[in-house]
Amino acid sequence: MMSLRETLRASIEAIATHRSRSLLTVLGILIGIAAVIITVGLGEGSQAKVTAAVSSLGSNLLVVSPGSSTGTGGVRGGLGSASTLTLADATALASHLDAPDISAVAPVVQKNEAMSAGGNTWSAPVIGTTPPYLGIRSRQISFGSFITSADVTSANEVAILGTEVSAELFPGQNPVGQTININGSSFSVIGLLASAGSSATTNQDDQVIVPITTAQSLLVGGRNRTSVDQILLQAKSQNSVSAAYQEANALLLQAHQITTPSAADFTITPETQLLTTATSVSKTLTFLLTGIAAVSLLVGGIGVMNIMLVSVTERIAEIGLRKALGATPRAILRQFLTEALLLGLAGGILGVVLGVGASLIVPKLTSNPVALSVPAIIGAVVVAAGIGLTFGVYPASRAARLAPIDALRGD
Amino acid sequence: MTVSQDFPVEQGRNGQRTAPVIEISELRKTYGTGEAAVEAIRGLDLVVEEGEFLSVMAPSGSGKSTLMHIIGCLDTPTSGRYRLAGRDVSNLDETELARIRNRYIGFVFQQFHLLRHLSAVSNVELPLVYAGVNPGDRRVRAMEALRRVGLADRMHHRPTQLSGGQQQRVAIARALVTDPTVILADEPTGNLDSASSEEVLGWFGEFHRAGRTVVLITHEPDVAKVASRVVRMRDGVVVGDGPPELIFVGTGTTFAGAAPPAQPQEGSEPSGGSMGHR
Ligand SMILES: Nc1ncnc2c1ncn2[C@@H]1O[C@H](COP(=O)(O)OP(=O)(O)OP(=O)(O)O)[C@@H](O)[C@H]1O
Ligand SMILES: [Mg+2]
């Protein structure tokens, strides 16, 4: 009986003897595995990106915007015209009695402003809001502190800078304790936001945050001084999002004295809806790409079978001789199966090398992130070996069944 | 790994005489069926005792290779009985036949049949691989076999780096290395020049003197006569059997002395009229 080591040795010898043919054999599997790694990586990378982007906006979030989304012209109102949302609305929504499922409320006004400090000038969105904003948006302060209720009450001229604004106005310095000029007013910098990166739509590091009252009085002049651009609501939990939605809707309809819900002058958008849509899109993408990769692996497997059949035909004399010298049908079967397995494995490993290499290059050429997961890579190699083995069964059993005299004659 | 454990050699009643190495009776081999059937061997009897040096000689197409395949357990007979070293091997399956080939037969082929991608010593090791001998012992035994055929300095050469005669000597070393019961050679000099042929045949004589059983198959009387016993075959049956002096009596390389044994001549039509018919 031939030991496993002997079988392995004979198989490696055979593969090494026919190097170029072996390489051709594994090409299909190699490309298939590389494709699997890149496509799955792209899919997972974009899914991770979407999830991160959405969750960085805040969890359990509801966004109240002025204007109706059901109206004929799409979203009405908004920047430039007087908003239908006011600070009073925000105060009403913050009532734990009337809206028990809403845990935090942050009204927001926002405007792009020119700003300067020392000799440096910059332009960035200035966000006027209240202390809960930090928690709702899942932001962190890396230096100093955030605005307080007292800042809001007395409309203090204080500002918190995003990292990019800080880098532009105070390159290489800690901005906390310094002064910046926004639209002719001086603000003292009391905090620096930790970097949050870019979401799908906005650069969250290129922002300045000030108390909403200060923003209303100093920056958004000409507009109704109590109106706000958005009200951010945080539901108590994932499960209470729809309850929070109902409560906010009822409260605002009442506050705006609207009796027919379809005539609402505001829109409430649950953030989860955004998340679900986004992840389901990227899931579909991953699924599709994986399907394509699977088909290419199947084609690779058929390639292995074809070339192994050629190899069996070409090596009829060798098979016959081995049989004459005492190789049992099983020993021949094992030898060819081992060869097929090793070819699959080699294709898988080369494919992983190619796939990982491409995964490192792709993000540099495009903006798509590629996620590499070790289990996926191990899985790909195992699948490749399995494909080699599966598609090697037919050629191997053909070789094992060859009659020794027919095999010896063929030369 | 001793032979006697799983392959009992028949002993005579008195325990002295071993059974013949090869014992064939009423052997028939038919290729194909129906109209296309070709009967290559038609009722052949042959007994070869241990230590004999036998050559089977016949013109082309008379069934030599067919007989060799059956003796070598590469093929099974259509009917009849074949006992190898006392064991009936006429009806074994592929796996059992493979094991018997490995342990009892050392093949030498006309086309050498060496694996091109292996060195001489690795080629000689092959039968030991299938016998389950460990790599260390294998190498030692293969080197010893190569040394015996005078190729100690060519161990690591590939077949393509060796002359035809050297290749056939590697093949002979491969046949020897398992210490087989029978060395079976089918036209071993068919692809060699006369000097190499003489050398190769010399080796067979050497093995015979060392007590081995050698069966040499050939169509050349010059080759056949190196054996101590010559069996002549024609159309699938034995038509002469004896020492070469008797078979080739007085006539060099012709077959004059090896007239077919008494055969009913009535069967063959003297007039050429029936030649076109089957
Ligand atoms: N596989 C086969 N199928 C059909 N007929 C065969 C087969 N092998 C051999 N034969 C026939 O059997 C007969 C004997 O063939 P065999 O090869 O044994 O002759 P041989 O004596 O070895 O001839 P040579 O000296 O030419 O090698 C021939 O008529 C041949 O055509
Ligand atoms: Mg022949």
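The model is predicted, so local features need pLDDT of at least 70 and side-chain atom pairs count only at pLDDT 80 or more, whereas totals for chains, interfaces and linings use all residues. Residues are numbered from 1 along each chain as its sequence is written, chains are lettered from A in the order in which they are written, and side-chain values use heavy atoms, with hydrogens and water left out.

Chain A contains 13 helices and 12 strands, taken as DSSP runs of at least four residues (H or I) and at least two (E), numbered from the N terminus. Of its 411 residues, 47% are buried, that is, under 20% relative accessible area with a 1.4 Å probe, protein chains only. Chain A exposes about 18500 Å², and carbon and sulfur atoms supply 63% of this area, computed by the Shrake-Rupley method with a 1.4 Å probe.

Helices H11 (residues 329-365) and H12 (residues 374-401) of chain A have axes that come within 7 Å and cross at roughly 150 degrees; axes are lines fitted to C-alpha atoms over the stretch in contact, and angles run from 0 to 180 degrees between N-to-C directions. H11(A) is therefore roughly antiparallel to H12(A), a term for angles over 145 degrees.

In chain B, Thr189(B) sits in the loop between strand E7 (182-186) and helix H7 (194-209). Thr189(B) is buried, with a relative accessible area of 4%. Beyond neighbours within four places in sequence, its contacts (heavy atoms within 4.5 Å) include Ser197(B), Val200(B) and Glu220(B).

Conventions
Angles under 35 degrees count as roughly parallel, over 145 as roughly antiparallel, 65 to 115 as roughly perpendicular and the rest as oblique. Buried means under 20% relative accessible area, exposed over 50%, partly exposed in between (1.4 Å probe, protein chains only).
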